[in-house]
Amino acid sequence: MYRIVTAGLVTLSFVGSTDALANEYVLSKVAKPLSQSIKLNLDPVKDQFSGSTAIQIEVLEATKQLQLNGLEYTASNIQLDAKSANNKDCQLDVIMQDTGVVLFNCPHTIEPGAYSFSMDFTAPYNRQSVGLYKTIDGGLPYLFTQFEMSDARRSFPSFDEPEYKIPFQVTITAPSTEKVYSNTPELSVATKDGLTTHVFAQTKPISSYLVAYAVGQFEEIEVTGMKVPGRVITTKGKIELAKYAAEQMPLVLKALEDYFGVDYPYQKLDSVAVPEFPFGAMENAGLVTYREDILLVDEQTASQNSKKTAVSIIAHELAHQWYGNLVTMQWWNDLWLNEAFASWMAAKVTEQIHPEFESNLALSKNYVMSLDARVSTKPIRKPIKTEADIMDGLGLAYSKGEAVLDMVENYIGEAEFNKGIRQYIKDHAFQNTEADDLWNALSKASGKDVGSILSTFIEQSSYPLIDVSLAGDKLTLKQSRFVNAGTVAAKQSWTVPVSVKYGKGDKVATETILLTSQSQTIKLAFSPDWIYPDSDAMGYYRWLLDETQMSNLLANAKTQLTARERKALISAADALLDAGFISGGELLNILGAFIDDQHPQIVSAALGYLQSQKRTFIDDTNQELWAKFIASRAQSAIEKYGVTAKVDEKSSISKLRPTLINLLAFEAKDKATIATAKKQADLYLNGNNDVDQYLIGTYLNIAVYFGDSKVLAKVKAEFEVTKDPQKRTRLMYALGYAPTEKLQNSVLAYSLTDKVNAPDLRYIFAGQAYTDERKQRFRDWIYANFSAIKAKLPPFAVAMIPSFTGSGCDLAALDTTNTFFKPKVAQTPEFGRTLAKLDESVKNCVSLKQRELASVEKYLNQL
């Protein structure tokens, strides 16, 4: 037996990444893992843990160095055992780099072959919600894991890259008072001296980022109706809120099994409601984790918004069990596809099992296309080295990718798309793939060149502007890169399916054209009176009509376009202002026309875009004009729908009302609305849940902003004791509206205490930008407390700190932000990307205001 041993203790030290290899963030390919066992000693009461691991590896080429991933642990008894008659000792030189790659150097050559690589280790529990981390809930300590993207290495030494899919076997020893969960069912349990050892079954091949465990005094309920056993697991005192998720899980899982044509691939399906969690949820194979305010829903009192969120995120995570877990990306450059597909699938499943949610109106592309148009934005498929590279533009990747998949499915056909996905899953089960593998499967199933479409949208940023012109029955399409007015960008072209809806009288038709050149002309079935260049809102592009055709479209929009199409039309009009094709006054006129739309969600969208334009164009000279304009436009909706819920009203109306109440309180300063908000908030804070669940969050914000220190103290006190996760989140949002300088500063100081979890800072920060005075105080506080904020935030969130001070339409604030953060870029490189994006965003906003302010004020003065 060939053995390399270090018997001493090795504290893994850091060296700078400049001393590392050229590809310093990626493991060398001299060895690969075959399987791994992990033994952990976990006690939530303590601040650190210990463990051991044995990795069965194959050395592929002769080497003097092996590499694993690791961070923040101390290792001892490091051994490399070989199946060889020659035993040879080797004193390993072990170095942990700041790249997360640990170097194990040996003066002797390690020959190719099979080995067992093992070591013992100790490490602290993380307190920033990554890796193996500790949190306190209801006075009790709990342990959870969050390993994606690259934080399994904080919990155990590993080949922590997605291409290494291997079986893992986890054994956890914990105090007998604690319950313990991992990816697979328990094989055995043994108790001795107050400690219980839980031996879990070996997993099927998975990547390290999908390993998971949880330790604490949990409660659980069984999920029935699935082909595998499952539970919903909560921290103490919350299990009654788990029933809705337990009812929905089997419905979602069956819909997914039917779509993929393959049964759920793992041995069990447990779902854990986590009180401290940095993302919405995580698809760990067999042990899916969720923010508890998403998963735990009181079915009797919850709004449809809460139920829709729970179902759609459950669907997203369970879609990953096939697309992401069963079939896994080779490297993080295809994470966009993992997340885009899960989002796309979640929308499809949610609409299928709950059409009453109207999830087809979500149109996530509306929220990211303005970001994607900027020259500082990178493609969603791009080279990846670090976690900061992964996080850069990740939100764009979800929404753009989902919209592009929508567009492709619409082009090749739903049945053909499904056929391609099924074959892809079948061909690549338990393997790694790249994006081209999916393109090829879809192309084969449909007989159409899917790759030529997707590559142009995925591997370059932005999207096309489709200039549409009509001459009788001849329709001409011309493409160019969409840019904001005044922006200079390189020329680009796309292969883009353009779906056009057109009509004349009672006749309505659609035509889809694959635009493969700069300009194409086609003949329509008849000469239309109007055309809409984004049928069913499936295109990831913007479009431009001449003034006559735009007028004709708007005249027919409310009767000829669906609600989804009208919502997309509003967003498209907003983009045309950014690009300089319509004036500010023209946009306000268009938005105002949709305030009396028959669908409340369209009314809400129009009001939202009006508020957005107000934030751009308002100043000291036109505040009263804006207040008058928005109040007059909102009045028709208020009169139509009222300020209080009616018996058996449609949920779409209930979803709109918070927007109206918000306008009445914060814009009109309506005394009756403010008084009602204070009364309802007080009832809620006193434990009365018989309040409007759609409005109570808005009421709390109003009550705090127009309240005093007593109201704020009551909100804070209830926040610290409530066991209702959704109530807790509402209270955090409300804390962000503290009105006076003294109260605002007290809340901000409170946010840095251990009463507020690291991922939850964003909720308290959300309301800080309301009023210029409060926003400036918030900026000053960020500068004064930068080190503490950076230390508390989850590592991936640090990049966003400059956006707290520099976003908006204020060049002076941008200059101060640059002055403060640019010297810190050397230490925190991700700040550089954030600053570049802020620079473009703020300057675009300032340019827009300078260009269109006169047009906007002329329009407002005409009212």
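**Ground rules.** I number residues from 1 along each chain as its sequence is written, and I leave out hydrogens and water, since side-chain values use heavy atoms. In this predicted model, local features need pLDDT of at least 70 and side-chain atom pairs count only at pLDDT 80 or more, while totals for chains, interfaces and linings use all residues.

**Disulfide.** I looked for cysteine sulfur atoms within 2.5 Å of each other. The count is 1 disulfide. It joins Cys809 to Cys845, with S to S at 2.1 Å. Cys809 lies in the loop between helix H25 (801-806) and helix H26 (811-821), and Cys845 lies in helix H27, 36 residues apart. Helices are DSSP runs of H or I with at least four residues, strands are E runs of at least two, and both are numbered from the N terminus. The link is left-handed, at -110° about the S-S bond.

**Accessibility.** I call a residue buried under 20% relative accessible area, exposed over 50%, and partly exposed in between (1.4 Å probe, protein chains only). Cys809 is partly exposed at 26%. Cys845 is buried at 14%.

**Aromatic pairs.** I paired rings of Phe, Tyr and Trp (its six-membered ring) with centres within 6.5 Å; planes under 30 degrees apart are stacked, over 60 edge-to-face, the rest tilted. The whole structure has 54 aromatic pairs. Phe104 and Phe117 are edge-to-face, at 5.0 Å and 80°. Phe104 is in strand E7 and Phe117 in strand E8.

**Lysines over rings.** I wanted NZ of Lys or CZ of Arg within 6 Å of a ring centre and within 35 degrees of the ring normal. Lys507 lies over Phe526 at 4.4 Å. Lys727 sits over Tyr684 at 4.6 Å.
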